[in-house]
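Reader: I have the sequence and the coordinates open side by side. Could you walk me through the fold with me asking as we go?
Author: Gladly, here it is.

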Amino acid sequence: VASFALAPAANAADVSITGTGSSFAGAILNACVDAAPGVKVTYSGTSSGTGRSSFANKTVTFGAMDWLYTTADTVRPSFNYTYVPVIAGPVVVAYNVPGVNLKLDATTLSKVLQGKITSWDDAAIAKINKGAKLPSQKIVIVYRSTNSGTTQNLAAYMRDIRPNDGWKDSGAFLTASGNTTATTSGANNAAVIKAVKSTAYSIGYADLADTLTAGVQAAAIKNGAGAYVAPSVPATAKFIAAQKMSTTGQVRFDYEAPIKGAYNLSLVSYAAAPTAAGTDAAAALKTWLTAYLTTCAPAKAAGIGYVPLSGPFKSTALKLVAKIG
């Protein structure tokens, strides 16, 4: 596997670079592998946990993640690096209940995912979805089996809005939710969506790109303004635009922000990149990320379910790219 610990060469554009990690951002990163002519990029959407560990172990040029390194990571980089925010998007609550246009608030969604509400015709779901023909069927939860940034962002959303429900800061769903009964899972977001599509009366969570590709239903989630909003690029863009990004690229979300028309259950994905000078791979990564942020993502992201970075967020990201290599 390519590493960024390579000897310098004359032309960084001739260097192949590799990345792994976030399956949430997988569709847009792979759509942009050819963003910089002459730079060959190979990206594997595995999980944020894999992205963090693989980058720390120097087995890839960059690691993609939806949750940054914490003390819980047993493997962390021993070298200098920077975070680069690369894309934003909604965390979709996907479901398979024909004939139902599902609406959920955080209270009810929390109880469903924690296994406290177990039937689709539960009174709490029925109260929100008046007039809907809810089946008397057991809810099948489909969750991420790997150390997932999508899971960790979902848990952060729940901890913010439902602080007394016992959600933990973890990328492992069973730990984060405390659910001891869920049995159906997928290794990445695409696998979760595939399982939801093939499993009647199921519910899961993933990115919009995989949800749209599979043609799976997505629930409208109650936002901070009290409206039920379906996940979409415009609705997520409204939420993201109202958040703040630090000079190091980190975004801390106000999930309860009362923004009209916004979809508040959203996240930002990052690339972790080396800042050591004099390596071909780092130079090529710098070239590619610049092209990705300025050309490819703005052109392709919205069409496949993502919100490209713009304004101050994009400016900050480019300043961080400048630190690479």
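Reader: Let's start with strand β4: how many bridges join it to β8, and do the two run parallel or antiparallel?
Author: Bearing in mind that this is a predicted model, strand β4, which covers residues 81-95, is joined to β8 by 5 bridges, and the two strands run antiparallel. Within that pairing, V92 stands opposite A206 in β8.

Reader: And β8 itself, how many of its residues are buried?
Author: In β8, 6 of the 6 residues are buried, so the strand is largely enclosed by the rest of the structure.

Reader: Which way does β6 run relative to β8, parallel or antiparallel?
Author: Strand β6 and strand β8 (residues 202-207) run parallel and are joined by 2 bridges. Across this pairing, V140 stands opposite S202, and I141 stands opposite I203.

Reader: What about β6 and β7, how many bridges there?
Author: There are 3 bridges between β6 and strand β7 (residues 184-186), again with the strands running parallel; here V142 of β6 has T184 as its bridge partner in β7. As for burial, 4 of the 5 residues of β6 (residues 140-144) are buried, so this strand is also largely enclosed by the rest of the structure.

Reader: Switching to the open sheet of 3 strands, what is its order?
Author: The order is β5-β10-β11, and the pairing in this open sheet is mixed. Its edge strands are β5 (103-104) and β11 (228-229), each of which pairs on one side only.

Reader: In which sense do β10 and β11 pair?
Author: Strand β10, residues 220-222, pairs with β11 in the antiparallel sense over 2 bridges, and K222 stands opposite Y228 of β11.

Reader: Where does L102 lie, and is it buried or exposed?
Author: L102 lies in the loop between β4 and β5. Its relative accessibility is 2%, and because the cut-off for buried is under 20%, L102 counts as buried.

Reader: What is L102 in contact with, leaving aside its neighbours in sequence?
Author: Once the neighbours within four places in sequence are left aside, L102 is in contact with Y95, W120, I125, N129, A219 and A220.

Reader: Cysteines next. How many disulfides does the count come to, and which residues does a disulfide join?
Author: The count comes to 1 disulfide, and it joins C32 to C296 with an S to S distance of 2.0 Å. The pair links distant parts of the chain, 264 residues apart, with C32 in the loop between α1 (26-31) and β2 (40-45) and C296 in helix α10 (residues 280-304).

Reader: Is that link of C32 and C296 left-handed or right-handed, and are the two cysteines buried or exposed?
Author: The link is left-handed, with -90° about the S-S bond, and both C32 and C296 are buried.

Reader: On to the largest nonpolar core: which residues touch the most other members?
Author: That core has 111 residues, and those touching the most other members are I17, V84, I87, I203, W288 and Y292. Helix α10 supplies the largest share of the core, 12 residues.

Reader: Take V84 from that list; what is it in contact with?
Author: Setting aside neighbours within four places in sequence, the contacts of V84 include S269, Y270, A271, L289 and L293, as well as A317, L320, V321 and I324.

Reader: How many residues of helix α2 are buried, and what do they pack against?
Author: Helix α2 (residues 48-56) is mostly covered, with 7 of its 9 residues buried, among them R52 and F55. The buried residues of α2 pack against β1 (16-21), β3 (62-65), β4, α5 (149-161) and β14 (266-274). Just after α2, K58 takes a positive phi of about 60°.

Reader: Last topic: how much space lies in the largest pocket, and which residues lie nearest its centre?
Author: The largest pocket holds about 280 Å³ of space; it is lined by 16 residues, of which W67, N153, V251, R252 and F253 lie nearest the centre. The elements giving two or more residues to that lining are α5, β13 (251-252) and β14, and α5 gives the most, with 4 residues.

Definitions and conventions:
Residues numbered from 1 in each chain as written. Predicted model: local features only at pLDDT ≥ 70, side-chain atom pairs only at ≥ 80, totals over all residues. Heavy atoms only, no water. Pairing = 2+ DSSP bridges. Buried < 20%, exposed > 50% of the residue type's maximum accessible area, 1.4 Å probe, protein only. Disulfide = S-S within 2.5 Å. Contact = heavy atoms within 4.5 Å. Core = buried A, V, L, I, M, F, W, Y, C linked by side-chain atoms within 4.5 Å. 1 Å grid on protein atoms, 1.4 Å probe; cavity = no way out; pocket = protein on both sides within 12 Å on 5 of 7 lines; lining within 4 Å. Points joined across faces, edges and corners; volume = space filled by probe spheres on them.
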